[in-house]
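Reader: I would like to learn how to read the surroundings of a ligand and the aromatic pairs in a model. Could we go through one example together?

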Amino acid sequence: MPTPESAKMHEVTGELREAVFEYARTRLSYAPPPLDSPKPLEVLNELAGQTITEKGLGGSAALELFGEVLAPSTISTDHPGYLSFIPSAPTEASKLFDLIVSASAIYGGSWMEGAGAVFAENQVIEWLVRETGLPTGAGGVFVQGGTIGNLSALVAARFAAEKRLGHKPERWAFICSSEAHSSLKTAARVMDVDIIAARADEDGQLGGPAVDSALAAAGDREVFAIVATGGTTNFGIVDSIDEIASVAKSHNIWLHVDGAYGLAAILAPSTRKLFSGLENADSFIVDPHKWLFAPFDACALVYRNPELAREAHTQHGEYLDTLTESGEWNPSDYAINLTRRPRGLPLWFSLATHGVAAYRAAVETNCQLARDAAELIRKRADLELVREPMLSVVVFKKHGWNQSDYDAWSDKLLADQIAFVVPSSHRGEPNLRFAIVNPTTTIETIAEILDRIEKD
Ligand SMILES: *Cc1c(COP(=O)(O)O)cnc(C)c1O
């Protein structure tokens, strides 16, 4: 039987297939990859032109365009000098396996369709449960990112509170730190609930008494969750989870720990103790795409009592009943999502390949490098640490510099393809910030960057 015309696009030539594999092979072999930099829209319009046409460009032209125009216009987040925001440093094993996930067309939403993949993802979740000290039976799902993870956890928390109360109160609220991540404001907006901000102390850490005060300020509002941050994004400060957990427990309120960036530090011997109290969480998140060396995009969302989350999140529909009534573990039922890529698999493969000890060592290396970087900064009279690093974020300023000095320095650093370090700010004052999550970043990289901050 000849292939119908309409199915022809499901095939490519052997040549194109090899070219794509070759591209991937080359990109994976770079050590380091090119840093590259963004280009303005007009320039990309000029260079790339209209790429979507009735007849198609053909695979080799499209691949060439990607390799020569589009890819160099994107920053490599896995470059050792990428220290802005939160970088990403996927292991080679995890990147390779991501190719397999794409090639395999696995539906990761249900056990019926994705049992083997869901089994492997769940072993990773169970490992996180053991590391964090939550009880057996805790479970969850890999969602797109921390923003969806936080929102899904809070929706489950509110559901649980409503179930306990037996009615809807006038107004819901949750408590989080004044230094909590912006995604919590997004969650509050989406859920139409209030945030009661609890004041972090001078060092940016939230403790029990501040949460008590926030509770006292709740008035008529029903507080359905308290959020502790396990590693603030700006500074890597871990809240006093132990104290916050006691307050949550004494008021019978859901404790959620936002560990999108920092929770990976439970693996490092030197930082593990900072997370004491985490075992009392009702839910937590951690992003493997941030500091568990997995590719974009993956956030592990874990519940102490997954059954409550399932009740809160399961979508019902005639075409879905056969799945939802099966009694099997369907990842889609535990978050705001239905169709899902089994995005936990690249992490699973890398963990299965290298073992947990390699992960402990890698996270510890990053924390040690942050301490070493802080030491270098302390030794320089023209620089000042804004806060002592707790995990792997180092924030400092240069005496006498204003915003435009920082901007110009940062632009030049990228233009020279040395590193990507954008200015940040604290209490209205500009500063520089290193977020270190890449084990190939060395003290030499850091020293070179610091040396480019000219001495007065
Ligand atoms: C990054 C981050 C988030 C948001 O995670 P995304 O994966 O970017 O959506 C939430 N909380 C904290 C503490 C973060 O660092």
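Reader: Which of the 14 residues around the ligand come nearest?

Author: Please keep in mind that this is a predicted model. Of the 14 residues around the ligand, the nearest are G146, T233, D258, D287 and K290.

Reader: Which polar atoms of G146, D287 and H289 lie by an oxygen atom of the ligand, and at what distance?

Author: For G146 the polar atom belongs to the backbone, and an oxygen atom of the ligand is 2.7 Å from that atom. For D287 a side-chain atom is involved, with 2.6 Å between this polar atom and an oxygen atom of the ligand, and H289 likewise has a polar side-chain atom that lies 3.1 Å from a ligand oxygen. As for cover, the ligand taken alone exposes 380 Å², of which the protein buries 87%.

Reader: Which helices each supply at least two residues of the shell around the ligand, and what classes of residue does the shell have?

Author: Helices α6 (146–165) and α10 (288–291) each supply at least two residues of that shell, and α6 gives the largest share, with three residues. By class, the shell is made up of nine polar, three charged and two nonpolar residues.

Reader: How many aromatic pairs does a search of the whole structure find, and how is such a pair described?

Author: In general, one describes a pair of aromatic rings by the distance of the centres and the angle of the planes. Here a search of the whole structure finds 14 aromatic pairs. In one of them, Y261 and W291, the ring centres are 5.2 Å apart and the planes stand at 5°, under the 30 degrees that the term requires, so this pair is stacked. Because Y261 lies in the loop between β5 (254–258) and β6 (283–286) while W291 is in helix α10, the pair ties together parts that are 30 residues apart in sequence.

Reader: Are Y261 and W291 buried or exposed?

Author: Y261 has a relative accessible area of 2% and is buried, and W291, at 0% relative accessibility, counts as buried too. The rings of W348 and F349 form a further pair, with centres 6.2 Å apart and planes at 55°, so that pair is tilted. W348, with a relative accessible area of 27%, is partly exposed, and F349 counts as partly exposed at 29% relative accessibility.

Note on methods
Residues are numbered from 1 along each chain as its sequence is written. This is a predicted model: local features need pLDDT of at least 70, side-chain atom pairs count only at pLDDT 80 or more; totals for chains, interfaces and linings use all residues. Side-chain values use heavy atoms; hydrogens and water are left out. A residue is near a molecule or strand if one of its heavy atoms lies within 4 Å of it. A polar contact is a pair of N or O atoms within 3.5 Å; within protein, one must be able to donate a hydrogen and the other to accept it, and residues adjacent in sequence count only if both atoms are side-chain atoms. Accessible areas come from the Shrake-Rupley method with a 1.4 Å probe; for residues, only the protein chains shown count as cover. Helices (H or I, at least four residues) and strands (E, at least two) are DSSP runs, numbered from the N terminus. Ala, Val, Leu, Ile, Met, Phe, Trp, Tyr, Cys and Pro count as nonpolar, Asp, Glu, Lys and Arg as charged, and the others, Gly among them, as polar. Rings of Phe, Tyr and Trp (its six-membered ring) pair if their centres lie within 6.5 Å; planes under 30 degrees apart count as stacked, over 60 as edge-to-face and the rest as tilted. Buried means under 20% relative accessible area, exposed over 50%, partly exposed in between (1.4 Å probe, protein chains only).
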